[in-house]
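User: Hi! I have a structure open and would like to go through it step by step. Can you help me read it?
Analyst: Happy to, let's look at it together.

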Amino acid sequence: MISKEAYTTQELQKLLCVTRQAIEKRLVREKWQSQVQNKMRNRSWLVSSMPEDTRLAIQVAEEKTALAESDSPALPALSA
């Protein structure tokens with residue numbers, strides 16, 4: 001399950017391991033819808049407007065990230 005309704009270009013770059021230019025080409029070609037995130041006019045891309053294969057890629061990437069985070073051992077406490 002995808003955890004967010006919208007992602008910034010930077011978030012998608014990290015999740016999908018692609019360049020900003022690759023994201024921008026896809027959003028134009030696939031006609032993703034956006035929402036303005038804040039006064040700086042940063043945009044988030046709505047997952048609901050993305051094709052199924054893109055949503056699936058995001059879901060798989062999120063699951064891999066969550067699994068990697070849960071598998072990493074806890075750091076030992078520092079002693080004084």
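This is a predicted model: local features need pLDDT of at least 70, side-chain atom pairs count only at pLDDT 80 or more; totals for chains, interfaces and linings use all residues.

User: Where is T54, and which residues does it touch?
Analyst: T54 sits in helix 3. Leaving aside residues up to four places away in sequence, T54 touches R26, E30 and W32. Contact here means heavy atoms within 4.5 Å.

User: OK, zooming out. How many helices and strands are there?
Analyst: The protein chain has 3 helices and 3 strands. Starting at the N terminus, the elements run β-α-α-β-β-α. Helices (H or I, at least four residues) and strands (E, at least two) are DSSP runs, numbered from the N terminus.

User: And what share of the chain is buried?
Analyst: Of the 80 residues, 25% count as buried.

User: Which residues make up the largest nonpolar core?
Analyst: That core has 12 residues in all: Y7, L12, L15, L16, I23, L27, W32, W45, V47, M50, I58 and A61. A nonpolar core is a set of buried Ala, Val, Leu, Ile, Met, Phe, Trp, Tyr and Cys residues joined through side-chain atoms within 4.5 Å.

User: Which helix gives the most to this core?
Analyst: Helix 1 gives the most, with 3 residues. Helix 1, helix 2 and helix 3 (52-71) each supply at least two.

User: What does L27 touch?
Analyst: L27 touches W32 and W45, again not counting residues up to four places away in sequence.

User: New topic: at what angle do helix 1 and helix 2 cross?
Analyst: The axes of helix 1 (residues 9-16) and helix 2 (residues 20-30) cross at roughly 110 degrees and come within 9 Å. The axes are lines fitted to C-alpha atoms, for helices over the stretch in contact, and angles run from 0 to 180 degrees between N-to-C directions. Helix 1 and helix 2 are therefore roughly perpendicular to each other. Angles of 65 to 115 degrees count as roughly perpendicular, under 35 as roughly parallel, over 145 as roughly antiparallel and the rest as oblique.

User: Which residues meet there?
Analyst: From helix 1, T9, L12, Q13 and L16 meet R20, I23 and R26 of helix 2.

User: Where does K31 lie, and what is its phi?
Analyst: K31 lies in the loop between helix 2 and strand 2 (34-36). Its phi is near 55 degrees, a positive value in a residue other than glycine. K31 is exposed, with a relative accessible area of 67%.

User: Now the sheet. What is the order of the strands?
Analyst: The order is 1-3-2, in an open sheet of 3 strands with antiparallel pairing. Two strands pair if DSSP finds at least two bridges between them. Strand 1 (6-7) and strand 2 stand at the edges with a single partner strand each, so one side of each is left without a neighbour in the sheet.

User: How many bridges join the strands?
Analyst: Strand 1 and strand 3 (residues 43-46) pair over 2 bridges, and 3 bridges join strand 2 to strand 3. A6 stands opposite L46, Y7 has W45 as its bridge partner, and Q35 has S44.

User: Last one: what does T8 touch?
Analyst: T8, in the loop between strand 1 and helix 1, touches Q37, R43, S44 and W45, not counting residues up to four places away in sequence. At 16% relative accessibility, T8 counts as buried. The C-alpha atoms of T8 and Q37 are separated by 8.8 Å, although the two are 29 residues apart along the chain.

Note on methods:
Residues are numbered from 1 along each chain as its sequence is written. Side-chain values use heavy atoms; hydrogens and water are left out. Buried means under 20% relative accessible area, exposed over 50%, partly exposed in between (1.4 Å probe, protein chains only).
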